[in-house]
Amino acid sequence: MVVGSNPAEPSDQFFQTMAQIVSKSILVAQGELREFVRGCLAKAGLPEADARLVADSLLESNLRGIDSHGVARLPHYLNRIKHGSINPRPQIKAHQHGPALARVDGDHAMGQLAMQRATEEAIALARSAGAGWVAVENSTHCGALAFFALEIARAGMIALAFSHSDSFVVPFGGKFPFCGTNPICFAAPAENGKAMCLDMATSVVPWNTISNAAIEGVTIPEGWAVDAEGKSTTDPKVAKAVLPFGDYKGSGLGLMVDVFCTALLGSPFGPGIAAMYGDPAKQRLLGGLVGAIDISKFRPVDDFRRTITEMMRQWNAQERARPDEPILYPGQPEEMERERRLAEGIPVGVNLAAIFGKLSAELGVPWQVEAN
Ligand SMILES: NC(=O)c1ccc[n+]([C@@H]2O[C@H](COP(=O)([O-])OP(=O)(O)OC[C@H]3O[C@@H](n4cnc5c(N)ncnc54)[C@H](O)[C@@H]3O)[C@@H](O)[C@H]2O)c1
């Protein structure tokens, strides 16, 4: 069902500061999209509860405006399940390594499921030991980290989460990629269900923002990506790597994320990681790290929430450089976008919508979305 069509430009000036791919798209009600994704994953062999959790995590990304890690990745996941490198019925196991430490063996599950298990383990460890650190191995692409960090924040804890990808980012001063877009995420609970949540790739944009541009056939801005010769390109189809954010700072941060996600458990790092868009039958052996700090061991959680709310208020109230551009705290653009998309629907690029049409025919899952 069509609920509207998306204009070519974001309506608010400040949304342009988030690196979005703006293409011709159709607005789809979130419930309908969620049901389609859940149905496809269930048909691909995931148990009902797992299909629902992965669908929820992808939809949550789209609702928050993070289209790089939302439903656009569904065809990729289904392809890997079909070729056997994602295990639809994994036996995910947690092994405790001390009062505050555990390891989750993902058994090649969808990364969202392995990271979800790590999140639950980190919360449980933090409840007993005050903090919990859970390293993940034998996993696959896990999507956006905020999904897990915000669950920890809802439990009244401070969250830290890290994940990694195959070689997509050119190190500062280099020509060719080494590390992945290795994201980091921190979240802290505030009052009224809100949270401060910084969730970002350590590259200028995630690789999957480039992938979305390639699917929709739109160009990307100068300064995001380079081609196979290491030269700047605006064509997502010839792009082979992205640049780190903040020169040597983002470059170094991405490398340090691989310390947590690979070196800690002895998983492959950087160029040794099987390519996300390479052989779909090859297991990816991805890792991650999820941490939780139980605030109540330091001070009452409600007092902490009040402090964070006050930090947000004072931050928002700072004098603006440009009157029409608000000063937002980390996670606030996503909160605002979430409200908007819950009301208006989620933009699905027309080419992605056509791919969903083919999946619908193949899997027998209803998808009746048409462009106006
Ligand atoms: N699993 C993986 O392999 C992988 C790899 C890379 C990225 N990711 C995910 O990709 C997602 C998107 O990453 P990204 O780097 O494109 O994020 P982004 O650039 O959209 O946002 C980064 C952070 O900046 C904040 N922000 C954005 N605009 C702002 C503004 N105007 N004022 C104040 N704060 C603002 C956001 O709230 C966010 O916390 C993340 O969820 C990340 O976890 C996943």
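Is L255 buried, partly exposed or exposed? L255 is partly exposed, with a relative accessible area of 44%. Here buried means under 20% relative accessible area, exposed means over 50%, and partly exposed lies in between (1.4 Å probe, protein chains only). This is a predicted model, in which local features need pLDDT of at least 70, side-chain atom pairs count only at pLDDT 80 or more, and totals for chains, interfaces and linings use all residues. Residues are numbered from 1 along each chain as its sequence is written, and side-chain values use heavy atoms, with hydrogens and water left out.

**Surface patch**
- L255 sits in helix α7 (residues 248-263). Helices (H or I, at least four residues) and strands (E, at least two) are DSSP runs, numbered from the N terminus.
- With F178 and F269, L255 forms a nonpolar patch on the surface. Together they have about 280 Å² of accessible area, by the Shrake-Rupley method with a 1.4 Å probe and only the protein chains shown as cover for residues.
- Patches take residues with over 30% relative accessible area and no salt bridge; nonpolar side chains (Val, Leu, Ile, Met, Phe, Trp, Tyr) are joined within 5 Å, like charges within 9 Å.

**A buried leucine**
- L74 belongs to helix α3 (residues 74-83). L74 is buried, at a relative accessible area of 0%.
- Leaving aside neighbours within four places in sequence, L74 is in contact (heavy atoms within 4.5 Å) with F36, V37, C40, L41, F356 and L359.
- L58 is 16 residues from L74 in sequence, and their C-alpha atoms are 8.6 Å apart.

**Two crossing helices**
- The axes of helix α2 (residues 48-63) and helix α9 (residues 332-344) come within 8 Å and cross at roughly 100 degrees. This makes α2 roughly perpendicular to α9.
- Axes are lines fitted to C-alpha atoms, for helices over the stretch in contact, and angles run from 0 to 180 degrees between N-to-C directions. Under 35 degrees counts as roughly parallel, over 145 as roughly antiparallel, 65 to 115 as roughly perpendicular and the rest as oblique.
- From α2, E60, N62 and L63 meet E334, E337, R338, R341 and L342 in α9.

**Salt bridges**
- Side chains of opposite charge can pair when their charged atoms come close. A salt bridge puts a side-chain nitrogen of Lys or Arg within 4 Å of a carboxyl oxygen of Asp or Glu. By this rule there are 16.
- R338 and E60 form a salt bridge through their side chains (2.6 Å, N to O). The pair links distant parts of the chain, α9 and α2, 278 residues apart. R338 is partly exposed at 28% relative accessible area, whereas E60 is buried at 18%.
- R117 bridges to E121, with the closest N and O atoms 3.0 Å apart. Both lie in helix α4 (residues 111-129), 4 residues apart, about one turn of the helix. R117 is partly exposed at 26%, and E121 is partly exposed at 22%.
- E325 and R322 also meet in a salt bridge (3.3 Å, N to O). E325 is buried at 19%, while R322 is partly exposed at 47%.
- Salt bridges that share partners join E35, R38, E48 and R52 into one network.

**Positive phi angles**
- N192 is not a glycine, yet has a positive phi of about 55 degrees. N192 lies in the loop between β7 (184-189) and β8 (195-200) and is exposed at 75% relative accessibility.
- D247, also not a glycine, has a positive phi of about 50 degrees. D247 lies in the loop between β11 (241-242) and α7 and is partly exposed at 46%.
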